[in-house]
Amino acid sequence: MGTLFAAVLLLVTGCLAIFQGIAAIANDDVYARVGSYVFEFDLTAWGWIHLIVGIIVVLTGVGLFAGSNLARGAGIALAGISVILNFMWLPYQPWWSIIIIAIDVFIIWALCTSWTHATD
């Protein structure tokens, strides 16, 4: 049951990352930087990063619906990458980043706790 919910969350967060990336690529004035941070990238670069990661996350969510263990491992890894990327995205959208980080932590938890190891 946790895998199904994690797959849905991956699809939703992946789609949102795609939209976030498109918005950042299309118009650099969509997001305003809050404060000054050490890890600053160009907004267009962030848009491409979110777009590419979002597409991969959506594909991983589809793989989880198909029951792939490879997709489960990829989902755990991608949720971890998403935590790091959203931490670095804090200067642009602090509240949104915190929400996505919380969802990613839940995805990691759901995928790790529902993983059954077959013993033959």
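Me: What share of the contacts between residues at least 6 apart in sequence joins residues at least 24 apart?
Reply: With contact meaning heavy atoms within 4.5 Å, 71% of those contacts in the protein join residues at least 24 apart. This is a predicted model, in which local features need pLDDT of at least 70 and side-chain atom pairs count only at pLDDT 80 or more, while totals for chains, interfaces and linings use all residues. Residues are numbered from 1 along each chain as its sequence is written, and side-chain values use heavy atoms, with hydrogens and water left out.

Me: Why is Met1 called exposed?
Reply: Exposed means over 50% relative accessible area, buried under 20% and partly exposed in between (1.4 Å probe, protein chains only); Met1 has a relative accessible area of 84%, so Met1 is exposed.

Me: What makes Phe5 partly exposed?
Reply: The relative accessibility of Phe5 is 44%, and therefore Phe5 counts as partly exposed. Phe106, with a relative accessible area of 32%, is partly exposed.

Me: Why is the pair of Trp46 and Trp89 called edge-to-face?
Reply: Rings of Phe, Tyr and Trp (its six-membered ring) pair if their centres lie within 6.5 Å, and planes under 30 degrees apart count as stacked, over 60 as edge-to-face and the rest as tilted. The ring centres of Trp46 and Trp89 are 5.7 Å apart and their planes stand at 70°, so the pair is edge-to-face.

Me: Why does this pair tie together parts that are 43 residues apart in sequence?
Reply: Trp46 lies in helix H2 (residues 43-65), whereas Trp89 lies in the loop between helix H3 (69-88) and H4, so the pair joins parts 43 residues apart; helices are DSSP runs (H or I, at least four residues), numbered from the N terminus. Both Trp46 and Trp89 are buried.

Terms used
Helix = DSSP H or I, 4+ residues; strand = E, 2+ residues; numbered from the N terminus.
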